[in-house]
Every structure is written in C-alpha cells, then in structure tokens.
Amino acid sequence: MKQVKIIEPDARKKSDMECRKCGLKYTQQHYRILRDAKKLIYFSLDFDGNPKVKPVCHQCLREAALELNNNEPTEVEIHSKLNKKTIHTFYANSRDRQEG
Ligand SMILES: [Zn+2]
C-alpha cells in the first residue's frame, strides 16, 4: 500500500507550497489559513521523505495515486501529524472509498 503523508504548514519554512501536478501554489502562511479552514491539504507521496519531490494538492491526489498504479484501484494510507491513519481507495471510474 502506498504511504502518503499530510504536509502541515510550517511558518519557519521560506519555501512556498506548490502542487507538482496543477501548480497550485501558496505561501506557508496562506496554506496555514486554508488548511485551518479545511479548504486545502498538500500531500507528500514520497513518505520516505525525499524533500526534492514536490507535493500534490488534495484535488490531484487521486490522479497522482492512480498514476502510480496504472489506473488500477489504488489503496493509499494517509498519515496525519498525530499518526492517525486513514485508508483511501481510489478508483479510476467509480466512487472512491474511505475507511478509518
Ligand atoms: Zn494540484
């Protein structure tokens, strides 16, 4: 199963957040506001932490996850900062499923 991590805003970081698929870009401060308002989440698909791999936004996560698996149903385990895990299953042609 693919491990995915929620990237939390970090005001100490100078770098902006940018989705590598759609290019959606915000400063850390703006991301904080949107994250708190539950309007935006950036995910790291590289759980092992290659910092050079850019994140994806929540709107692109599905497509990015399916791409990893040749559009076959793809299970991802999403980790939040409190080590809470949620399993999402993405399907190319039908409704996605969420557990946990
Ligand atoms: Zn995006």
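1. Asn 71 is partly exposed, because 13 other C-beta atoms lie within 10 Å. The scale, with C-beta atoms placed from the backbone, is this: buried means 20 or more other C-beta atoms within 10 Å of a residue's own, exposed means 12 or fewer, and partly exposed is in between. Phi of Asn 71 is positive, near 65 degrees, and the residue is not a glycine. Asn 71 sits in the loop between α2 and β6. Helices (H or I, at least four residues) and strands (E, at least two) are DSSP runs, numbered from the N terminus.

2. A word on the model. It is predicted: local features need pLDDT of at least 70, side-chain atom pairs count only at pLDDT 80 or more, and totals for chains, interfaces and linings use all residues. Residue numbers start from 1 along each chain as its sequence is written.

3. Asn 70, which follows α2, has a phi near 50 degrees. Asn 83 has a phi of about 60 degrees and lies in the loop between β6 and β7. Asn 83 is exposed, because 6 other C-beta atoms lie within 10 Å.

4. Now the sheet. It is open, with six strands in the order β5-β4-β1-β6-β7-β8 and mixed pairing. Strands pair if DSSP finds at least two bridges between them. β5 (56-57) and β8 (97-99) are the edge strands; each has a single partner strand, so one side of each lacks a neighbour in the sheet.

5. His 88 stands opposite Gln 98 in β8.

6. The largest nonpolar core has 15 residues. Such a core is a set of buried Ala, Val, Leu, Ile, Met, Phe, Trp, Tyr and Cys residues joined through C-beta atoms within 7 Å. Those with the most contacts inside it are Tyr 42, Phe 43, Val 56, Cys 60, Leu 61 and Ala 64. β4 (42-44), β5 and α2 (58-68) each give two or more residues. The largest share, four residues, comes from α2.

7. Val 56 deserves a look. Not counting residues up to four places away in sequence, Val 56 touches Cys 19, Arg 20, Lys 21, Phe 43, Leu 45, Leu 61 and Ala 64. Contact means C-beta atoms, placed from the backbone, within 7 Å.

8. In α2, Cys 60, Leu 61, Ala 64 and Ala 65 are buried. Down the helix axis, the buried residues fall within an arc of 140 degrees, so they line one face. The arc is taken over the directions from the helix axis to the C-beta atoms. These residues pack against β1 (2-7), β4, β5, β6 (74-79) and β7.

Methods
Contact = placed C-beta atoms within 7 Å.
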